Every structure is written in structure tokens, then in C-alpha cells.
Amino acid sequence: MSSPEHVLSRAEALRRALPSDFRDAIAQTLYAEASRIARRAVHTRGQRGRDLDQWIDQIVTGPVTGLLVMLVLLAVVVWLTVSGANVLSEALANLLFGLGDLGRSLFEQVGAPWWLTGFVWDGVYLGLAWVVSVMFPPMAIFFPVFTILEDLGYLPRVAFNLDWLFKRAGAHGKQALTMTMGLGCNAAGVVATRIIDSPRERLIAILTNNFVPCNGRFPTLIMLATVFVAAGFSGPATALIAASAVVAVVLIGVGFTLLMSWLLSRTLLRGEASAFTLELPPYRRPNILRILYTSLIDRTIFVLLRAMSTAAPAGAVIWVLGNIPFGESSLASAIAQALDGFGRLFGLDGTIILAYIIAIPANEIVVPTMMMIYTGAGRMIEAPEGAEAIRALLVGQHGWTLLTAVNLMLFSLLHNPCATTIITIYKETRSRLWAAVSVVITLGTAFLVTFVTASLARLLGLFPSGG
Amino acid sequence: MKNAAFVPSESCATCPAFAQLERMGIKMDRFDHVIALAGNPNTGKSTLFNALTGLKQHTGNWPGKTVRRAEGGYQFNGVRYKLVDLPGTYSLLSTSQDEEVARNFLLFGQPDCTVIVADATALERNLNLILQILEITDKAVVAVNLIDEARRKGIEVDTRALSCDLGVPAVPIVARTGEGVMALLSSVADVIAGRLQTQPRRVCYTPQLQAALDELVPLIESLAPGLPNARWVALRLLDGDARLQQALLSGELAEIARRQHVPESRLSRQIAVVGQQ
Amino acid sequence: MEWLIPVVLLAGLLALALRSRLAASYRAWRAQQEREQVEDALKHLLNREHQGRHASPESLSGALGLSRAQTVRLIERMEAQGLLQSRAEQLHLTPAGERWALNVLRAHRLWERYLADEARMPLAQIHAEAHRREHTLSEAEVEALEANLGYPQQDPHGDPIPDRAGEMPSRASCPLTDWPTDEPGRIVHIEDEPAVAYQQIAAAGLKLGQTVRVLERTPQRLTISDGENEYRLAPAIAANVSVSPLLPTERVFDGDALPLSKLPLHREGEVVQIDPALQGLTRRRLLDLGLTVGATVRPEMQTFVGEPRAYRVRGTLIALRKEQADHILVRPIAHY
């Protein structure tokens, strides 16, 4: 009878006596046997199916056609998401806000005190309704479409096509996909980094995902683009110009992603393990019904529930701030006033800063919160109808300039991840440190970039009123 | 076997086999046997899992997608099975977290049977993992999935020859349509009941390695008499697997070996929880 | 400037609250500094002993960049800890000191392996990074690192890594002068004493880890080759270079073998070697995917920049970057 300790020490001695490549030998033995068995069991007649796969691959990875296919598919996905979401969002908002009005009048009839009605319906419920109506439609369209491409086997080809670009930034080609996922929702993009099996590249993808604006930030970008960039144009050109401006912002985001990936891979993450493998699986017919079910349940509802759990308290805080009187106006206005000097340093103003602090749980409520503070209303409200009205409010009454608009666009693109994403980063990395790093690098970049543009504008003597 | 399809939309009167399967989703408070589901990534493992349990797991056409270990249940011929979906891996020899989870469940979770899903269009690559799993357990069934896709590509898999070579049943299936799934389930039942005797193929390593194993295996067997996979344990100890070293020191391995001889205790035992965070 | 008062008050309060914690971190930092100094000194002594000479207070202060007074204090402290003995201006390691020194060396070389294999860091950078990390691990952590790396026996420079007990695995090696002609061997050691000889070897361009063979030997000189360049050394100098036989994986291939990255598209090749320099995660992944010696591979597609390329391996399509494919040697399979 031998003791466990004896067995272990024998194992160690035997290991040292083995040639150092004995693990290679094991793999080699196994594969040699696999090859022998496969030769007996597998009979190949012709290569019909493989020819089709190869033909498709020729197109989707070809130098010109590959790029073309990729751009067309991206455009289709984005168009489907944005245009479809518009219709759905409006319908959903009408429904939910209508329900809110109903609930409020019910409370009033019962004789509930004004602060309870306000807190419940104008605070908590309104926050929830806003997040759901803005967030749900684009995700409900984006995720199934994305999942179809995933199940087809097309997405690994995108990673293959773009890997050379990401390699230069020290990242993995699959990051192109987690970034695309980030367009839908950054939290989902962070979860999607599981497909990257190399620790260093996965961390890079997690920490930089937030530089891709998720659809929760689109309302801010679209409003700014419509009001400030496309203002000089009329008719259908407006929409096109606005869309191009948003695309330009996304591209700037991609640029920052690559730059930050490059920096991280050479500094903070230098010592992390790294390897590159990418399997290109055969193309397969997707199972549409299952995709619809799983992408709605696993991704959309999952993300939505997480967002709702943080949006409800945010709605409550916003209502409280907007309804506690402070001097002549509300506490919210007073805080915005106090933050104004700080905001101006970055070409923004106090209201924007406050809106972003409150909107840490969910970016969807940035615009309504800003509108609430600007108009002095007691609850979150929609931007006024029409570009002219918004211009009048922001430029006319609150002294916005083109610099404010540009810097708000940049800030919206670069600022810290929302609470949902931060929690997700913590869960995926199981490290408070990386969650903190993700906040520090994004917020740092946002303040640095906006400070530089604001200072430049000041130095050049542009927009004196905004600076 | 082609008639054994169980597409739910079809009338089940024409396929008696379908009546034997009941999907139980996550209701698994009582179960008679534990089945592990292993395989390479992207072989339709979760399609099979969903088809059997009625759950809707999604992993996508993606190699290397880590998902948490999923569990579900099904009832076949009146016997309740708990199905544990292991992470898809190419191998069980590395230190990656996925492989550790899969490896440790096969060893310490002691499933009553392991279903290894293989991709018929890339059998050679899949055989690497199959051979490794057969080192750990001899209660296994190979499900050769995507037979339809292979046929389209002009690839025929002779599952009879495969069974012969591997020493465990190999069943052709199309998890997407349900083709062959009934045959797979009855093979699983037969293997568990001992109606089908398995004699898994064990590879011959290089002489040097073989000599080291020959020295270690008797030592391990003297500590854990009757351990069915002493050679695999020896291989892992040579590799320096910390989890196995600890299992050896704590007597966990001896415990596993002891339980092998008391089949009754296996029915009601608690499943070892491995790889959970 | 009135607003400064509350700020200062607040800062003072904060400082008070943090004081104990700050003091603790300062003490931890000091302890770490001391540990690094002691460990660097031990390493210096061990290094000297391996070279067959003894360290002196002068050599120690030079190696660590300390003043004379600081060195004396350090030596006194280490003597009190029983790590070294100072005799006649010579410093000797005690058994305890040697054990500790070997442990530091072990951590250093394991870190070098990690940085080269797993983090894929260029060889020129790993020494400095490993030096920073070698003082941070506990003994258990070093063991975990070793297990994770698969119990390597040598660092990326070819130097042996001591095991837990401080034993160095020795690889049978012999001086170049005794090495059979035409047999490939790997340079495992270059004696750095006497310095004149070392400089000549270095100037000739011979490096640790290089694979060489002796082409010709005369009483005046040895002609050796690494496949590309020829080197000529006097026998007295060549005796300071030790070589050892190649492992099976280190066999050199010549003739028609070429890196996988250079195999033309749609041309089949058989893997003959995976470069031993490619270790760690990357190697394990390649093996798992079936890229073992003897496997048949065929490049099927590449992007317009030339990489990555996708290779058909055992019925599946695997994309590899150029620097990985560079490390896989294949022999093209003749068709028809």
C-alpha cells in the first residue's frame, strides 16, 4: 500500500524524466489514432457541399466582394433596426405613457397625496416606461437579425476579414463582432466577448466595448445631428445628413476603440496570456423560430430586465430632484447651476453634466432629463416637436453653440458605461479592478477629449458664448 | 431508423417512438440517471439538448462560446434522466476553464452515461475528444450528428465500423429534425442497464510515456482499488493536474472507486457540484 | 479664498480616517522593498557562485547600485538572518540563503517562461519584466505558476529552472570541442569567464539556444554553422561553448520543408515540426485543433492583406495569423 504523497512524488519524478514535449506526443498519438479510425469509418464521394461552401467563402472573404457584402449587411441591419425601432418605439411610448396617465388619474381619484402620485407615476414608472420604450424595440429587432447571421456561420468570416486591422491594435478579429453587438447594447456586447478565447484580447474587447455607442445613446446623437448638423438643409436631405453624422460618430468611436485597444495591449494588459485561433465553421441553415425565441428571451429580455432594475430608482431620484424646491427653482436646477462652471470647462454645461450623472443607470433618459431641467418641469419630458423648437430652447434660451453640440456628441460617445454594463463587466471578469478600469479609461477619455476641443475652440476664439 | 423522427408538428400516431419521450425542461427534482452531454463546439450539442429537454438554449454557430453548464431533464420509457450539458471543447488536456469544467464533471460527477456529440462532417477532429473521454469513462454513446449535412457533402459515416473501433455504440442522428434520436436514447438506456457491454478503445502512447504510466497505474490502483480510469488519472498526475492531486490527497478518488462497487448507492447520490462559480 | 477652509478641514478629516490604513500600506511597501533588496543580493551571490567565484561587498554594491554604507547595513542584516556569511571580504551563501536564492531564480525563470509562452512578449523584453515580477509571489503561487506552465525545465534562454527543492535539472551537455562533427546541437551554455573569451564568442554572434553543427575541425580552428552563417573559433575559445543534443521536437529540417505561411494557396502540405519556440496557450490550441506533426494542411483562403489565412485541417477550416503559421514547418505533398 502506497501513500498518496508517495504517488505524487513518483509522478513528479516520472514527469521530470519524460521528454519535455510529452504533451505534444500525447496529442499526436490521439490524433494519429483518430485519423486511423476516421479513415475506416468515413467514406467521401465527391465534394459537392464543400464546393458550395468554398464558393460562398470566395465571395464573402474576397478583397472587394467581401468588403461589399459586409457593408451591405451592416447597412441593412442598422437600417432595419433604426427604422423599425422608430415605429415600434412610438407605439410603445404612446401605450406606456397612456397607461401612466391612466394610473395617475386613478391615484388622483382615490385621493392619494400629490407627492405619492408624483413619485410613483412621474418618477419610478416614467423612468421605467422611458427605458422600455426606447430600449426594447431596437434590441428586439437587432438581436434576432444578428443571431441569424451568427447561426448562418457568416460572422466568423467577418472576424476573418477584419482581423488584420484588429491585430495591429493588439486585439482579436472577433472584436469586430462584439463591437457590432455593442451597437445593440454594450452589456450584451460585453457578454458576447466570451467568443474570444484568448484572455488578453477578451479583456481588451470588454474594456473598450463602450466606445461603440449603443442604441440607448442614439436618441441623443440623432437629436443633435438633426438640430445642429442637418439644420441648414431641408426636405429628405435632412434625414440623410443626420444619418451620416451619426455614422461619422460611430466611426469616431471605432477609431477610439482601436486606439484604446492598442494602448491597453501595450501597457496594462501586456503580461496577460494571448493566443489567436479562429475556426470558420461550415455554413448552416438557421432555425428561425428558435432564433426568434432565444434572442428575444436570452438577450433582449435579459438585458431589459437588468436595465429596468436600475432605471426605476433613477426615475425616482430624478423626480425627487426635480420636485424639491430650492430657492426659486428646483433642487435639480440648483445642482445644475452649481455644476455649470465645471461643465463649461469641457464645452458643456451644468445641466448636461447632471443629466449624465443621473443617467448612469441608463443612457436612454439623458435627453428627457435634460429637457426637464431646461424647462423647469417636474418630470421627464420629450424634446419639443420639431428641430426649430429644440433650437429655440437650447440655443436661444440656454446658450448652446456648435461647440456644445459637438462636445455633447463626443461626451455621449466616450463617457463611462451605464450601470448595467458596469455590472456585466464585473460579472464577466469577476474583478472589481477591471470594472473600475473600464470606468476610468472611458470617463478619462471623455473629459480629456472634450477639454481639448473646448480649449482649442477658446484659444481660436470660436464660440465665445459657449466657452 | 429514419422513421423515428419526432418533429412535434407531425402526427405522433405514425411514430410510436415519440410517445416514449417526455421533455421535462428544468423540472428535475427526481431523476434516476445522470447523462453528461459532451462534444466539440459547434456540433449541434445544444440542439440535441434542446430537442431532448424542451429547453431553448442558444449557443449559435460559434466555436469557443463559453456558456455556463446547463441542466435539463427528459423521461424515456418511464425512466427519468437528468441531462447535463458540458461546455463544448476541442480537448480535455488543457488548463482552460471550459475544459476543466468538462473534465472534472466527467470524473467527479460520475455521470451514468456520457453522450458524445460528434460532427459527421469533421469526424477526425471530433475523434480526438471522443478518445479522451473514453479514457475517463467506459459508459458512453457517440452521437454522430449532422448526418444530413454530411450526406449533402458526399460524406458517408459507417457508424457500425465506428462502433467496432471505439467499443461503444455510435448512433447516426440529425438533432435538428430528431432523426435517430430515439435510437440514441435506447442505446443510452441499454448502456446504463448493462444490456450493451462497452469496451472502449484505449490508445497506445509512446513507449516512454507508456512505461511511466505502467509504473503509476498500479500505485494509483492500490490507493483506489477498482478505479475504472486509473490510466487517465495517471496521465493527469504526470501532467500536474492540481485538482486531481488534491483529490488523491483528500481520498476523494478512493471514495469514487469505492462507490463503483455499490451500484444501489449511485441512484440516490448527490451529484458532485463541480465547476460552478 | 474662504472656500479653502472647509476643503482643508475635510482633507484633514480624511487623512485622519485613512491614517492607520496609510501607515499599514507604507509598512507593506517598506517590507516589499526590503524583500526585493535581499532577494537581489541573494541572486547576485548565487550568480557569482555559479561562476565559480565569490561575491564581495564591492561587487554587491555595484550589482545593486547601493552606497557602501547601505551595502554594509544590508550585509549585516542578512548575516543576522542567517542568509550569508562574510569572511575575509568574501560573501558566502549559507544553505538557507542558497535555498532562498534558488527560489528567486526559480520564480524569475518561470516568469520568463510565462511572458515568452503565454503573453507572447519579445525575448528582449522578458528579462526586465520577469525581474519586476520575481519578488511578488509566495511559494504556493510560484508552484501554481509552474503547474500552469506545464512544469517547464528551462527558461526561454535555455537555462535550467530549479524545482521546488532547488534541484536543477541538468541536460547532458559537452563543450563544442568534444562535439561530433555534423551532428546538430543546441547551445545551452556560454561560459562568461574569462571575459576575453566571452567577448570573442559574443562578437562572433553565437547565442544561447542557437542550433549549430561543427563543419570542420583543425588544431587551429573550429568551423561551425547554424545553417545560414559560418563561425570560426579557436579551440580554446570554443571550449567555453557547451552544446547538448536536440530534443525530438527540436530537430532541424532542411531541404523542401517551409513555413506554413509560405505554402501556396490550395497546395497540400504535411506538418513536420511545430517550432519549440512556440509554447504555451498557442501551442496547446494548435495541437487541440489537430495541427500535430504528420497532419495534412491546405491553405484555402486569405484576406487581401495576406493574413490571416484559413487552412483546411482534418476536415475543418482554421484561420491562423502569419506569426503562428511561420512557426509551423510543412513539407509540400507532391501531387499526382
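Over all chains, this structure holds 51 salt bridges, a salt bridge being a side-chain nitrogen of Lys or Arg within 4 Å of a carboxyl oxygen of Asp or Glu. This is a predicted model, in which local features need pLDDT of at least 70 and side-chain atom pairs count only at pLDDT 80 or more, while totals for chains, interfaces and linings use all residues. Residues are numbered from 1 along each chain as its sequence is written, chains are lettered from A and ligands numbered from 1 in the order in which they are written, and side-chain values use heavy atoms, with hydrogens and water left out.

Take a pair between chains. Arg125(B) and Glu279(A) form a salt bridge at 3.2 Å, N to O. Arg125(B) lies in helix α3 of chain B and Glu279(A) in strand β2 (residues 278-279) of chain A, so the pair joins two chains. Helices (H or I, at least four residues) and strands (E, at least two) are DSSP runs, numbered from the N terminus. Arg125(B) and Glu279(A) are both buried, where buried means under 20% relative accessible area, exposed over 50%, and partly exposed in between, with a 1.4 Å probe and protein chains only.

Now chain C. Glu146(C) pairs with Arg106(C) in a salt bridge, with the closest N and O atoms 3.2 Å apart. Glu146(C) sits in helix α6 (residues 139-148) and Arg106(C) in helix α4 (residues 95-117), 40 residues apart, so to speak distant parts of the chain. Both residues, Glu146(C) and Arg106(C), are buried. A second salt bridge in chain C joins Arg133(C) and Glu129(C) at 3.0 Å, N to O. Arg133(C) and Glu129(C) both belong to helix α5 (residues 123-133), four residues apart, about one turn of the helix.

Last, the domains of chain B. Chain B is divided into domain 1 (10-203) and domain 2 (207-258), with bounds from an automatic or database domain assignment. The contact, meaning heavy atoms within 4.5 Å, takes 12 residues from domain 1 of chain B and 13 residues from domain 2 of chain B. Across the interface of these two domains of chain B, the rule finds two salt bridges. Asp241(B) and Arg103(B) meet in a salt bridge at 3.5 Å, N to O. On the side of domain 1 of chain B that touches domain 2 of chain B, α2(B) gives the most, with four residues.
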